[in-house]
Amino acid sequence: MLKPLLTATLIALPLSLPLTLPATAQDLPPPVVETAVRDHILPGFSALAGSSARLAQVAETDCTGQAETLRNAWGAAFDDWIRVSHLRFGPTEMENRAFALAYWPDSRGTTPKTLTKLFADHDPIITSPDGMGSVSVAARGFYALEFLLYDPKFQTDAGYACALTRALTADIAATTSAISRDWTESYTALILTPGSEYSPYHSTDEVKQELFKALAMGLQFTSDTRLGRPLGTFERPRPTRAEAWRSGRSQHNVILSLQALRQLALILAEGDANLVSDVEQAFDTAIQQATALDDPIFAGVEDPSKRLKVEILQQTIDLIREQQLANIGNKLGVAAGFNALDGD
Amino acid sequence: MKRFFLTSSALALSLTATTGHAAPTAKEVLDTYATIAVAKFQDSLTTGQALQAAVDALIAAPSDATLTAARSAWKAARVPYQQTEVYRFGNAIVDDWEGKVNAWPLDEGLIDYVDDGSYIGPSDENEYAALNVVATPKFSLGGTEIDASEITPTLLETALQEADGVETNVATGYHAIEFLLWGQDLNGHAAGAGDRPWTDFAQGSDCTNGNCDRRAAYLKAATDLLVSDLEFMVAQWADGGDARTTLMADDKAGLSAILTGMGSLSYGELAGERMRLGLLLNDPEEEHDCFSDNTHNSHYYDGKGIQDAYLGSYTRVDGTVVSGASLSQMVAVGNPALDAEMKAKLDTTVQALGALKAAADNGFAYDQMLERGNAQGEALIMGGVNGLIDQTKSIERVVAALGLDGLAFEGSDSLDNPGAVFE
């Protein structure tokens, strides 16, 4: 586990240079950017690193999949991941860290397929130094760990399951710690000095656009993927495509993501009282609908009356995208740009 | 071909007229883009017709030679087609149609026999993943009885394509044909493509793996359908065609369509879904042209197409060049530095994809590059991915420089086709 940390530090070094240079940025970031970094991004990634470190510690003590303490520790860290999962730029994208934490959706069943192969081969890669870094992302992170903790198929071979659980949790801890450290030590400085030599942003507008895109992508993912996948079509609902249904987290994840996106949206709307009020109201409606569903794994998509409630929630989120997102974009003066969900 | 020379000289003339620091008009830029679309789809059609002829020859007289000829024709047909992909995300007409011709990835067991040991078979996601239409003249699909005793283009496109609402039930297009010509690639991470024997199409007692007549009928139906689908798309871009009319109707929306196509293909689709994902999963089936091992070419010509869209230039399969007023010229007038940045980044990407293509052409198969721990392969693929991601940033800057920001929030495009325009 030492090696990946070293690599990350080496990469982080040139990025941290601007901190020591005089502040010659042409563009001063507006308060919304500073607030977003200080109140939303940094605490989010710091919490994730903390709960992930605890998860790895718990796994060292008790690595059996059915252990309540282990499942709870996994759940707490997964919660913290969902809360930052829309922030897909900078440190999460280096070395494919976000992919290594969260490979989902998995439309071809690659996660169980890859895990099965690791078990069948008793592949020693998982305990070799630097080994997890080269394992397929489908067999890493929170979603792979869910199979180990909740699918009995992966609990029969207790010895290998234990070793793999420890390897996965240590990998998650190392990855989240690297993200948090890069944000604190270098990327914060870069995002707050657009136009400076090492900043990937040419202007304040590009920084605002980055944050705006994160909000847009988060809403799109929750609507299209977290809700859209299990909904399928009326004739052909797909309950087993719900996110993390094995652990009963599908509805929970939707609520967490909406709460996190609400916080970011309110920060971006700051300074325009009417907009803040509209955004708040729109998100509160969505969160209230999501909470009222009482359908933890969206099994209700097959029952017309329960399905309707999930569809209404999806429409509420799409209305936020259509109206509030557009208003926030206009206020910030930025366009939606391109994101990773473009394409098929 | 004669007519094209005329067209391209006319375009060249108008190009000369617009130099001298006057920016071309949006209409001129859009006209070039549509004219190149016609040329690209027409090239896709003629090479598709050559594939059709080669398939007919294979079926009439199955042999190693006719199968090899059909495979070569398929690879040749991919060259112009991949260069059209940049038209996809910006133009709803292309995007709505694309799934018929280029859907991927596919659960190939829907179509024909597969290797039992390695194939995933029916799954939670797709209960028809091993249906094997070639071997099954009658079956039930989502509660409907299907009579497939005669395999026709209509059967493929209506009953089988995306059967049961599952996207990986791909029954038509280049990749279905590819599977029928090559078969599964069972080499894992080792070099080598699918190795279907020509006798899979032999009639009588020479037939291997059963149902050779139905396999031939499937191949014929899929190839005929591809050709008619390509004919449809050529017509959409011709004068008076819907795609051209829609594009030309609104200057800003039209320019935005060009850039949306460039950005979405660069980032979400090619860099993400098709290239980085395969690497992250170390999965040789996550290869765009996995049966034929032609993925490096597909990626390269996708990248070339993105560059073409910005430079307003396309080299046809016969070597002639179609070019005209371009986005590049438009950006250069107001912001020469940004134009230089954009051109340099497109060039870097094409070079990186070219290095990948050259390595594969010299025997370093794409499957091998995807293998866990293959640092050289990872570097080659990531070179392309990084170039594509980096150029997307500049495409966003071009959108801003041309004042196309916020366009996504206006008009009806964002509602009709949020995937392509809103993002």
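About 3,800 Å² of area is buried between chain B and chain A, and carbon and sulfur atoms give 47% of that. Keep in mind as you look around that this is a predicted model.

**The contact between the chains**

- On the chain B side, 41 residues are in contact, and they meet 47 residues of chain A.
- Eight salt bridges are counted between chain B and chain A.
- One of these pairs the side chains of B:Glu127 and A:Arg236, with an N to O distance of 3.1 Å.
- Polar contacts across the interface of chain B and chain A come to 12 residue pairs, with both residues at pLDDT 80 or more.

**What chain B brings to the interface**

- Helix H9 (251-281) and helix H14 (375-401) of chain B each supply at least two residues of the side that touches chain A.
- H9(B) gives the most to that side, with 11 residues.
- Sorted by class, the side of chain B that touches chain A has 18 charged, 14 nonpolar and nine polar residues.

**A hairpin in chain B**

- Strand E1 (residues 138-141) and strand E2 (residues 144-147) of chain B run antiparallel and are joined by four bridges.
- Within this pairing, B:Ser140 has B:Glu145 of E2(B) as its bridge partner.
- Two residues lie between E1(B) and E2(B) in the hairpin, and B:Gly142 in the turn has a positive phi of about 55°.

Terms used. Residues numbered from 1 in each chain as written. Chains lettered and ligands numbered in written order. Predicted model: local features only at pLDDT ≥ 70, side-chain atom pairs only at ≥ 80, totals over all residues. Heavy atoms only, no water. Pairing = 2+ DSSP bridges. Contact = heavy atoms within 4.5 Å. Buried area = accessible area lost by both parts, 1.4 Å probe. Salt bridge = Lys/Arg side-chain N within 4 Å of Asp/Glu carboxyl O. Polar contact = N/O pair within 3.5 Å; in protein donor to acceptor, adjacent residues only side chain to side chain. Nonpolar A, V, L, I, M, F, W, Y, C, P; charged D, E, K, R; others polar.
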